[in-house]
Amino acid sequence: MSCRNFICILCRRLQDATPGASITMSTSSAISTLSAISFYPVKSCGGLSVTCADIGALGLALDRHWMLVDREGRFLSQRSHPRMACIMPAFEGDALVLRAPGMPPLRLAAAGEDGATVAVQVWNSHLDALDQGEQARAWCSHYLGDEVRLVRFDPAVTRACSQRWTGAYQATTQFSDGYPLLVIGQASLDDLNARLAAKGAPSLPMDRFRPNLVISGLEPYEEDFIDTLRFGEGEQAVQLKLVKPCARCPIPGIDQHTGLRDAQWPDEPLDTLAGYRANPRVDGGLTFGQNAIVIGGIGGRIEVGQVCHWEFNF
């Protein structure tokens, strides 16, 4: 066990013993590498991988910028509609194109086909969004076999993140569950896959966990203890603060290419995570990855392969 890993385990035990407590330790910064960037234009639908991206206050500009809602305006996700995983977005010229099995492509203006303002709900957030029209409604409803509408995030709306977790920072997001970015260390997935293999279960790709940023060069679950990530140097450096562990629902059990669960292992990976990832900071939720906000370098650019500097949150 490395010294870094030992410190992480020690501090996890201290945090578990005093949930919500702030533990401060003097540490030096360390260096890792940004190994993947992904964003999900339509909430809970397919993702796109890119080699570089500009960072704004909302994270990645078009991440969770569109969303499917039911008749009451409540957001839909793969929790109730796993076939959403097979709705694949693409940007072609000035169009957002959605494709799904058995469906003709749906072409929409990437700048928005804004109709009426509709009231929508994302968990406990209530806000106005922009309806994307009857063509989108008919296409999405036919594919999902349910009456749904496609809406776009209204740039005039401010959706604040919970300051219970962001503290002194005032952060905003679009249609994400609560925070603009999700960060996962590659070593954490490698460790989980080793545990799955030990019980004979198949390994899982990173897309099951739908991160925005994947970091290589960390110890397993070391992202749990990182305070800030920095990409670049000087005034243009992009700086993120990791603010809240990501408690997992059953979506990581859904194949992101088929929308189906493994018939032999329908409860993985939650069954395995339940053995070692219950986190008292989020009421015993099974956590994997860290939610993050942007605290510096808005307008800066990040790139796959870029060195990132980080500091512990002890």
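**Close-up views of a predicted model**

**View A. The lining of the largest pocket divides into 17 nonpolar, 10 polar and 13 charged residues.** Here Ala, Val, Leu, Ile, Met, Phe, Trp, Tyr, Cys and Pro count as nonpolar, Asp, Glu, Lys and Arg as charged, and the others, Gly among them, as polar. The model is predicted: local features need pLDDT of at least 70 and side-chain atom pairs pLDDT 80 or more, while totals for chains, interfaces and linings use all residues. Residues are numbered from 1 along each chain as its sequence is written, and side-chain values use heavy atoms, without hydrogens and water. The pocket has 40 lining residues, and nearest its centre are Arg79, Trp123, Asp177, Gly178 and Ala247. (A pocket is an open set of points on a 1 Å grid where a 1.4 Å probe fits, with protein on both sides within 12 Å along at least five of seven lines; lining residues have an atom within 4 Å of a point.) Helix α3 (163–166) and strands β12 (181–185) and β15 (238–247) each give at least two residues to this lining. β15 gives the largest share, 4 residues. (Helices, of at least four residues, and strands, of at least two, are DSSP runs numbered from the N terminus.)

**View B. Leu182 in strand β12.** Leu182 is buried, at 8% relative accessible area (buried is under 20%, exposed over 50%, with a 1.4 Å probe). Residues that touch Leu182 from beyond four places in sequence are Phe209, Arg210, Pro211, Asn212, Leu213, Cys246, Arg248, Gly289, Gln290 and Asn291 (contact means heavy atoms within 4.5 Å).

**View C. The loop residue Asn212, between α4 (186–198) and β13.** Asn212 is buried, with a relative accessibility of 2%. Beyond four places in sequence, the residues in contact with Asn212 include Ala36, Ile37, Ser38, Phe39 and Tyr40. Leu60, Asp63 and Arg64 are also among the contacts of Asn212, as are Pro180, Leu181 and Leu182.

**View D. The largest nonpolar core, of 26 residues.** Leu213, Ile215, Leu229, Phe231, Leu240 and Ile302 have the most contacts inside this core. Two or more of the core residues come from each of β1 (30–39), β3 (52–56), β12, β13 (213–216), β14 (226–231), β15, β17 (285–296) and β19 (307–312). The largest share, 4 residues, is that of β1. Another core lies apart from this one; it has 21 residues, including Val42, Leu68, Cys140 and Val148. (A nonpolar core joins buried Ala, Val, Leu, Ile, Met, Phe, Trp, Tyr and Cys through side-chain atoms within 4.5 Å.)

**View E. The contacts of Ile302 beyond four places in sequence.**

**View F. Arg64 and Asp283, residues other than glycine with a positive phi.** Arg64 has phi near 50° and sits in the loop between β4 (59–60) and β5 (66–69). Arg64 is buried, at 11% relative accessibility. Phi of Asp283 is near 60°, and Asp283 belongs to the loop between β16 (278–279) and β17. Asp283 is exposed, at 76% relative accessibility.

**View G. The cis peptide bond between Glu268 and Pro269.** Omega of this bond is about 5°. Pro269 is placed in the loop that runs between β15 and α5 (270–273).
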